[in-house]
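Dear colleague,

I am handing over the structure that follows, and I would be glad if you looked through it before reading on. My notes on what was found in it come after it.

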Amino acid sequence: MGLLGNILKKGISDVSSNVTSSIGKGIGKGISDGIGNALGKAVESAVRPAADKLANEAAADINQTADTLAKGAQAGRESRSALGDALENLAKAAEEYNKANGVSTGSSKSIYYEFDESDTRSAEEKISAVLAEEFPQYEVRKYVSPTTIGGTGKFLDYTFGIYDAGAPKLFIMLVGKATCGSRIYRWSKEQAAKAGVTLINFVEHYPNRPEYIKERLHQYI
């Protein structure tokens, strides 16, 4: 099973413990609804079409858990059972995702999240190279201030701006572990949204393999 499956397995295991211990506090349904929404978004963005059916089954299992918790009937045993079913379906979905990407299901690594020690370039250098290779028809500007699209005040610059005929088409932000929690980042994100320009992030300390960068950029450019 790939890395995505392992992460989901650990996450569901932790959630099962937390949800079961919270039943007596009357917040089980809220927790499970939150789990359902979060996992639904994760599966929607990560799992290939071949795994859609399995992902939907997982969502149904999590909804069953929420209903069980709300009713309070045999909550501990039944919630663990439903979460177990959800885990199994999500693991299968992750396996289908790996297959769709040509990753052996016997490997614990994905080609998109495995470090390539021979490539010592920074994330910024990799993104610059991919943009030059894959999208030479667009103008690429670096460290673009949100004030250029009507913002006023203090902002965090967009690391890359992709322009078509002088108009911004996409902004790319390189972020660290705490960047997205900062006010100036949020203000920059909000300003991009106001201007109708999509903003995507790349996390600097992740592998950011060129294959992954290409795939993401082709989704938005």
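**A buried aspartate in a loop**

D119 is buried, since its relative accessible area is 17% and a residue counts as buried under 20%. Please keep in mind throughout that this is a predicted model, and that what I describe was computed from it. As to its place in the chain, D119 is found in the loop that runs between helix α4 (75–100) and helix α5 (123–134). What joins the side chains of D119 and R121? There is a polar contact of 2.9 Å between these two side chains. When residues up to four places away in sequence are left out of the count, D119 touches K126 and P210.

**The sheet**

P210, one of the residues that D119 touches, brings us to helix α7, which covers residues 210–220 and lies across strands β3 (167–175) and β4, running at about 170° to β4. These two strands belong to an open sheet of four strands, whose order is β1-β2-β3-β4 and whose pairing is mixed. At its edges are β1 (139–144) and β4 (198–203), each of which pairs on one side only. On average, and with direction ignored, neighbouring strands of this sheet are turned by 25° against each other. Strand β1 is joined by five bridges to β2 (residues 158–164), and the two run antiparallel; in this pairing, V140 has I162 of β2 as its bridge partner.

**Helix α6 and its two sides**

Helix α6, made up of the twelve residues 183–194, reaches 16 Å from its first C-alpha to its last, which is close to the 16 Å expected at 1.5 Å a residue. Within α6, the residues Y185, S188, Q191 and A192 are buried. Seen down the axis of the helix, the buried residues of α6 fall within an arc of 125°, and they therefore line one face of it. Which strands are included in what covers these buried residues of α6? Strands β2, β3 and β4 are among the elements that cover them, and β2, β3 and β4 are part of the four-stranded sheet described above. On the face of α6 that is turned away from its buried side, R183, A193 and K194 are exposed. Just after the helix, G196 takes a positive phi of about 75°.

With kind regards

Methods. Residues are numbered from 1 along each chain as its sequence is written. This is a predicted model: local features need pLDDT of at least 70, side-chain atom pairs count only at pLDDT 80 or more; totals for chains, interfaces and linings use all residues. Side-chain values use heavy atoms; hydrogens and water are left out. Two strands pair if DSSP finds at least two bridges between them. Axes are lines fitted to C-alpha atoms, for helices over the stretch in contact, and angles run from 0 to 180 degrees between N-to-C directions. Contact means heavy atoms within 4.5 Å. Buried means under 20% relative accessible area, exposed over 50%, partly exposed in between (1.4 Å probe, protein chains only). A polar contact is a pair of N or O atoms within 3.5 Å; within protein, one must be able to donate a hydrogen and the other to accept it, and residues adjacent in sequence count only if both atoms are side-chain atoms. The expected span of a helix is 1.5 Å times one less than its number of residues. The arc is that of the directions from the helix axis to the C-beta atoms.
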